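Please look over the sequence and the model below.

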Amino acid sequence: MLRRTVLKGLGAASLCRLAGQAPSSTVAAPLEIPYGAAVQDGPLRGNAAYRDALTSHCQLLVGEGGLKWADVRPAPDLFVFDQPDRLLAFAAEHGMRMRGHTLAWYAAMPDWALAIRGADEAERELTHHIETVVARYRGRIPSWDVVNEPIAENPGLLSYPLRESVWQEALGSRYVELALQTAARVDPAAQLVVNEYDVEMHDPAHRRKRGALLDLVKALKDNDAPLHAIGLQGHLRGGMEVDRDGLSAFVSELAQMGVGVLVTEMDVIDKELPAPDEERDQAVAALARDFLSAICDGARPTAILTWGITDSYTWVPIWFSRDDGRPNRPLPLDVNYRRKALMDVIDSFRV
Ligand code: G3I
């Protein structure tokens, strides 16, 4: 249930492609595209202001961890569902839905799983894992990042070179289809997503990765694989430009193949952006506006999620802390839970 509204002028403003423009009158309209955020388990348990921020702004939640292999399956025969169960209960209590992240990834793997070798063992473990996890949440988690970050960092000239992982090594590109088919078999109603990053900027590496992802989607669709949407993570790089035409064309091509799009992990890496808070917040918001408007020019996203909600809890400083020592400001709320320009931009695209 969407509880928040924005001001909308033109009737046609309900088209996502007109979003980002200023409203011309004061007619309230519901925000139709759900907004959500990634949640850390620690503050979810111990910080009331954080919980309030989630319940007042979000319709969707996703665990920043908790469903990754290292968290949910620390040993071959041990599944630990505490974190996702807690998040799901919180979401349900407050009328929100939860997304699942993630079923097949190269990273956050426990040591025992990194030792998986050979096609038989890999297929057995991957299938058992997806069957167990998706079955537990069947009908309760409506959307899954089934495969996370499958494309190699620098795909070069091959058609869809996949990133090295236990799965790719043992099964080749077949693992992507296997993961999708297994998830679809267990929960035929779930939205199944391949989730990827670094495909949106004006940069040769991003362009190559986008092309490789499109080739992967074509191959999957040719085989009738149950792929419903591409998750554009959207870890946007401050200081770079969004490839608006390239991104719109990519999203249009997906739509023509019957594949939707959603924004799964948006934030702005502000390491290279100006120091003053207000100037930085405007630059962050402008980059997000370019990104969302390019997507909307191609097709309407089914959801917009940021990777965290407040600058207090973000992965960004782990890899991209600023040289001037100032805290990063990548997210829609500041450390005091005040809205920043980024939240206004997101809302303007949700009509
Ligand atoms: O669980 C341990 C905890 O026991 C220990 O006390 C603590 C000490 O540092 O580390 C904890 O594990 C950390 C975990 O986050 C939970 O906080 C890991 O070291 C750390 O590597 C892990 O980082 C996460 C990363 O994915 C790897 O799983 C980030 O929080 C999370 O934001 C990041 O999320 C990824 C998405 O899944 C995929 N797309 C990119 C995105 C950002 O990198």
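Which residues of α8 are buried? In this predicted model, they are Tyr 175, Val 176, Glu 177, Leu 178, Ala 179, Leu 180, Thr 182, Ala 183, Ala 184 and Val 186. Buried here means that under 20% of the relative accessible area is left. With ten of its 13 residues buried, α8 is mostly covered.

The helix itself runs over residues 174-186. From its first C-alpha to its last, α8 reaches 19 Å, close to the 18 Å expected at 1.5 Å a residue. An α-helix has 3.6 residues a turn, so residues three or four places apart point the same way. The cover over the buried residues of α8 includes the strands β5 (97-104), β6 (143-148) and β7 (191-196). It also includes the helices α6 (119-136), α7 (166-171) and α9 (204-222).

The second topic is the ligand. Around it are Glu 64, Lys 68, His 101, Trp 105, Ala 108, Asn 148, Glu 149, Gln 233, His 235, Glu 265, Trp 307 and Trp 315. Sorted by class, this shell has four nonpolar, four polar and four charged residues.

Glu 265 has a polar side-chain atom 2.7 Å from a nitrogen atom of the ligand.

Note on methods. Residues are numbered from 1 along each chain as its sequence is written. This is a predicted model: local features need pLDDT of at least 70, side-chain atom pairs count only at pLDDT 80 or more; totals for chains, interfaces and linings use all residues. Side-chain values use heavy atoms; hydrogens and water are left out. Helices (H or I, at least four residues) and strands (E, at least two) are DSSP runs, numbered from the N terminus. The expected span of a helix is 1.5 Å times one less than its number of residues. Buried means under 20% relative accessible area, exposed over 50%, partly exposed in between (1.4 Å probe, protein chains only). Contact means heavy atoms within 4.5 Å. A residue is near a molecule or strand if one of its heavy atoms lies within 4 Å of it. A polar contact is a pair of N or O atoms within 3.5 Å; within protein, one must be able to donate a hydrogen and the other to accept it, and residues adjacent in sequence count only if both atoms are side-chain atoms. Ala, Val, Leu, Ile, Met, Phe, Trp, Tyr, Cys and Pro count as nonpolar, Asp, Glu, Lys and Arg as charged, and the others, Gly among them, as polar.
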